[in-house]
Amino acid sequence: MGRIWGFVIFLSIVLTTLIGLHYYLWSRLVRDPQLAPPWNSIASAVMILAAVSIPTTFFLRRAPPTVLRLMVWPTFIWIGLMFLLVVTLAGTDLVRAALTLFQRATDEGTTSPERRAFFARWLAGGTLVTASGLAVLAMRSALGPVAVRRVDVPLRRLGRQQDGITLAQLTDLHIGPTIGHRELSDVVNRTNALLADVVVITGDLVDGSVDELRDAVSPLANLKAKHGVFFVTGNHEYFSGASAWVRELSRLGIRVLRNERVTIGTGEMAFDLAGVDDRSAARFSDDGHGEDLEKALAGRDVTRALVLLAHQPRTVLDAARFGVDLQLSGHTHGGQIWPFGALVRLQQGFLAGLGRHQDTLIYVSRGTGYWGPPMRLLAPAEITQIVLRFVA
């Protein structure tokens, strides 16, 4: 019953927010410019249709794949464009408020209704052009080939003989309605070209069930690395049937680390690789899933370098207490669409790139795919080539 009420509250908040955002856009882009008939009615109808398309698309997730794709693409593009329109309009509203205060302070009087309407039309047109241009640039970034980003990471417990060990990190692929077999095949080929010692996938691999996406994820069976391919769950796995995905990935030859640790290499070339369930797993799963650092790191050799896979960056706040040398995470998408990253940083503490908490280094990938809108603005996707370095 608690989950039902939680869902009702969440749904109410989402719908109220959607209505509020679309009313704001309508008031600034349709009402204030005083569009002449029939353009005002057409624009209002388009705005209503766009607003309705968002909850409709999410409620029809079980529709046939062809129908779903036809609905998802325009809806997700609109969500991204809507965000950019709101951000652009909010910025111009701040400028308008400052100008209004200046007019009042200098006793310049009020602006005539005709002049206000002209200014509103100019503002609406400029906003549409600016936001649409940014949306096109963001789509080109998201839908283009994923680049490799190399990062050298010095680890204090890494031996001289281990210098140059390479991990390839994939994360936040979000295989689903808009990312499928073709896109994943390209990512697999680019990753294999790195000839990594280890490939790690740090969660949010899928947005859909095993039955829906079995063919789409099948290229993962072709991933190759000297010491294997490893995976930890992200929060989206728990929206998609995490236990079934653990079994499916195991079938594809991928080792799923569920609050456990493995030794990579032998002798002086050995280091520890640990992985934990997503931080939110216990809230969404009844199958015993949940982050447990103590279990994952119990009994380890403290003289070995330790790399931890954890989907959410804020796990590092606890990982530092266990002497983790390096944590690899995703989840943030680097903000995906600027300036959303500012909110993500507030919630997670880390947004993208290499950082440090106490004695633990953390690398947060911007993600290899995208979620929702097929857009990335000032936050390009990446396949991360992490090269571990000996510290003299």
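Modeller: I begin with an open sheet of six strands, in the order β1-β12-β2-β3-β4-β5, with mixed pairing. β1 (147–155) and β5 (255–256) stand at its edges, each with a single partner strand, so one side of each has no neighbour in the sheet. The model is a predicted one, in which local features need pLDDT of at least 70 and side-chain atom pairs count only at pLDDT 80 or more, whereas totals for chains, interfaces and linings use all residues. Residues are numbered from 1 along each chain as its sequence is written, and side-chain values use heavy atoms, with hydrogens and water left out.

Colleague: Why is T75 called buried?

Modeller: Buried means under 20% relative accessible area, exposed means over 50%, and partly exposed lies in between (1.4 Å probe, protein chains only). T75 has a relative accessible area of 4%, and is therefore buried. This residue lies in helix α3 (residues 65–105). Contact means heavy atoms within 4.5 Å; leaving aside neighbours within four places in sequence, T75 is in contact with S53, I54 and T57.

Colleague: And why is F10 called exposed?

Modeller: The relative accessible area of F10 is 53%, so this residue counts as exposed. F10 is found in helix α1.

Colleague: Which residues make the nonpolar surface patch?

Modeller: The patch, of about 820 Å², is made by I4, W5, F7, V8, F10, V14, F59 and L60. Helix α1 (residues 2–31) gives the most to it, with six residues. Patch residues must have over 30% relative accessible area and no salt bridge; nonpolar side chains (Val, Leu, Ile, Met, Phe, Trp, Tyr) are joined within 5 Å, and like charges within 9 Å. A salt bridge is a side-chain nitrogen of Lys or Arg within 4 Å of a carboxyl oxygen of Asp or Glu. Accessible areas come from the Shrake-Rupley method with a 1.4 Å probe, and for residues only the protein chains shown count as cover.

Colleague: How do you know that strand β7 is covered on both faces?

Modeller: In a regular strand the side chains alternate between the two faces of the sheet. In β7, F271, L273 and G275 on one side and D272 and A274 on the other are all buried. Five of the five residues of this strand (residues 271–275) are thus buried.

Colleague: Which strands pair with β7?

Modeller: Strand β6 (residues 260–264) pairs with β7 in the antiparallel sense over five bridges, and E260 has G275 as its partner. Strand β8 (residues 306–309) pairs with β7 in the parallel sense over four bridges, with D272 opposite L306. These strands belong to an open sheet of six, in the order β6-β7-β8-β9-β11-β10, with mixed pairing. Its edge strands are β6 and β10 (353–357), each pairing on one side only.

Technical notes: Pairing = 2+ DSSP bridges. Helix = DSSP H or I, 4+ residues; strand = E, 2+ residues; numbered from the N terminus.
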